[in-house]
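Visitor: I have a protein model open and I am new to this. Can you show me how to read it?
Guide: Gladly. Ask about one feature at a time.

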Amino acid sequence: MRIATGGVLHETSTYSDLPTTLNDFINDRGLFRGQEIMETFPGANVCIGGFIDAAKRHGFELIPLLWTFAFPSGLIERKTYDDLLAEFLDRLKAAEDEGGPVDGVLLDLHGAMVIDGIEDGDGHFISKVREYLGDDRPILVTPDMHGNHSPLRVEQATAILGYDTYPHIDMNERGQEAADLIVRIINGEVKPVMTLRQIPLFWSTACQVTAHMPMREVMDYAHEIETRPGILGVTVSTGFPWADIPEVGPSIIVVADNDQELADKTADELSGWIWERRRRWYKLPFSVTDAIKEGQEIGKFPIILADHADNTGGGTAGDSTEILQTFLDMKLDKALILYIVDPEVVALAHEVGVGGTIETEVGGKSDPIQGPPVKMKATVKALSHGEFKYDGPMYAGLTGNMGPSAWIQQDGVNVVVVTAREQPFGPAFSKTLGIDCESMNYISVKSSAHFRASFEPFAGSIFNVEARAIHTHDFAKLNHQRRKQDFYPVEIPYETAPDI
């Protein structure tokens, strides 16, 4: 059994002015070809790692083509995408010319990729692989929970099995599940059919964390459905609202074994249950000051503020300043900002060196929406070239690079200033600078939820806050032009939903 694999992963914000180029794919998570994939990802908590691990377990030949990941940002340049797709298909053809036809393809895709001129990037990629393979060979896809899924993907893929967790700590597991299923398909044991049901609502990030209610109830329901006879998989996607495309939004995908009626009825059941309870999935975030006040009243530290409107993991610039300015104005002690993207400040800190003092303006340089720069007179506490190793659970076993970076401090407020736009999945990079996050009283992270997997075990309290930044969670402000239907709770009023 010969199965090809690879993927191009990107979560694209159409509200970001930062174009995504080939260099972003190369310099972010990396661009890996052929055997490099097999050497880099065994055991890693990413889907491609799960494919590799399952291939060893099943004993099939996994043929690595091309795998690349760029941090979320704006539209992918068309030439970049065209070149990556062409190379993927060329490598697939070369593998067949050399070793004979492949039996199927395992695709690691994000599900929210938008290219300049192609709104459904993932659907386009799947359709081109299908065009090459023909109708008879299976294509399995393992998208992120934040995919914006389309009928095209369901038509062109054989099965879609999305992540079950947010933060995404099950990527390797989902990769193995997809590999298990493709083996059963190739052996003639099952014949998947799929149904997609799109759900017209905005799903608040604070209501998506799968370890907690109310999201845990959704996933428990989905997992119960997966135990039913004839059901091969259920994907709950909460969508990625910062893409102004027709297919934006949450959805349910049900995979059944050669029973379209069962897939249809089951998808109707789960999507209807979610829609009926739509009030549960929407929650207004705290203001910065209200979150701090409530955390102080609780009296457990550190108080963690999720600066979700400037979540670099969603494509923002990472230089919004409202929380930094608030920390300084309130004269907070043992307060930490993770991270602010500002290469100019980093360069200045490296110039004066550890122990030196810099007088500068921090952040607020990418867009007026991000807030004005903050004047600081700060001491340089530590410097780094940015290399570190993830200590899990997200991306455990992989390495990262924040680029040239610095830890600066003004009075009791500490700021990690970085070059690369990546959200703080955990304290791993901070540790390399000598920062003990557990000893802090206040921590602001430019993340929506992924940080929870590492920070939650020692957090006193956690609040998602609506600070001024480009990825507002006041969804009425997004001004979608391409969305094809009315959404709750913007055009469909909040009050219309039953309180279940």
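Visitor: Among contacts in the protein chain between residues at least 6 apart in sequence, what share join residues at least 24 apart?
Guide: Start with a caution: this is a predicted model. Now the contacts. Of those between residues at least 6 apart in sequence, 75% join residues at least 24 apart.

Visitor: How many helices and strands does the protein chain have?
Guide: The protein chain has 14 helices and 19 strands.

Visitor: What does the radius of gyration say about the protein chain?
Guide: Compare it with the value for a compact globule. For 500 residues that value would be near 23 Å. The protein chain has 23 Å, so the two agree. Along its principal axes, the C-alpha trace covers about 65 × 55 × 40 Å.

Visitor: How far apart are the mean positions of the positive and negative charges?
Guide: They are 2 Å apart. The protein chain has 43 positive and 74 negative charges.

Visitor: Which domains does the domain assignment give?
Guide: It gives domain 1, residues 2–280, and domain 2, residues 288–473. Their centres, taken over C-alpha atoms, are separated by 31 Å. Next, look for contacts across the boundary. In domain 1, 27 residues are in contact with 27 residues of domain 2.

Visitor: Where is Arg-57 found?
Guide: Arg-57 is in helix H3, residues 47–58. With a relative accessible area of 46%, Arg-57 is partly exposed. Beyond four places in sequence, Arg-57 is in contact with Gln-176 and Asp-180. Now compare sequence with space. Arg-57 and Asp-333 are 276 residues apart along the chain, and their C-alpha atoms are separated by 52 Å.

Visitor: Is Lys-389 buried or exposed?
Guide: The cut-off for exposed is over 50%. Lys-389 has a relative accessible area of 54%, so it is exposed. Lys-389 lies in strand S14, residues 387–389. Not counting residues up to four places away, Lys-389 touches Gly-397, Leu-398, Thr-399 and Ala-428. Take Thr-399. It is 10 residues from Lys-389 in sequence and 4.3 Å away, C-alpha to C-alpha.

Visitor: Now the backbone. What is omega for the peptide bond from Met-213 to Pro-214?
Guide: Omega is near 5°, and the bond is cis. Pro-214 lies in the loop between strand S7 (192–198) and helix H8 (215–226). Look at another case. The peptide bond from Leu-338 to Tyr-339 is cis, with omega near -20°. Tyr-339 is found in strand S11, residues 335–341.

Visitor: What is phi for Asp-411?
Guide: Phi is about 55°, a positive value, although Asp-411 is not a glycine. Asp-411 is in the loop between strand S16 (405–410) and strand S17 (413–418). Its relative accessibility is 70%, so Asp-411 counts as exposed.

Visitor: And where does Asn-479 lie?
Guide: Asn-479 lies in the segment after strand S19 (461–465). Phi of Asn-479 is near 55°, which is positive in a residue other than glycine. At 52% relative accessibility, Asn-479 counts as exposed.

Note on methods: Residues numbered from 1 in each chain as written. Predicted model: local features only at pLDDT ≥ 70, side-chain atom pairs only at ≥ 80, totals over all residues. Heavy atoms only, no water. Helix = DSSP H or I, 4+ residues; strand = E, 2+ residues; numbered from the N terminus. Rg over C-alpha atoms; globule rule 2.2 N^0.38 Å. Contact = heavy atoms within 4.5 Å. Lys, Arg positive; Asp, Glu negative; His and termini not counted. Charge placed at Lys NZ, Arg CZ, Asp CG, Glu CD. Domains from an automatic or database assignment. Buried < 20%, exposed > 50% of the residue type's maximum accessible area, 1.4 Å probe, protein only.
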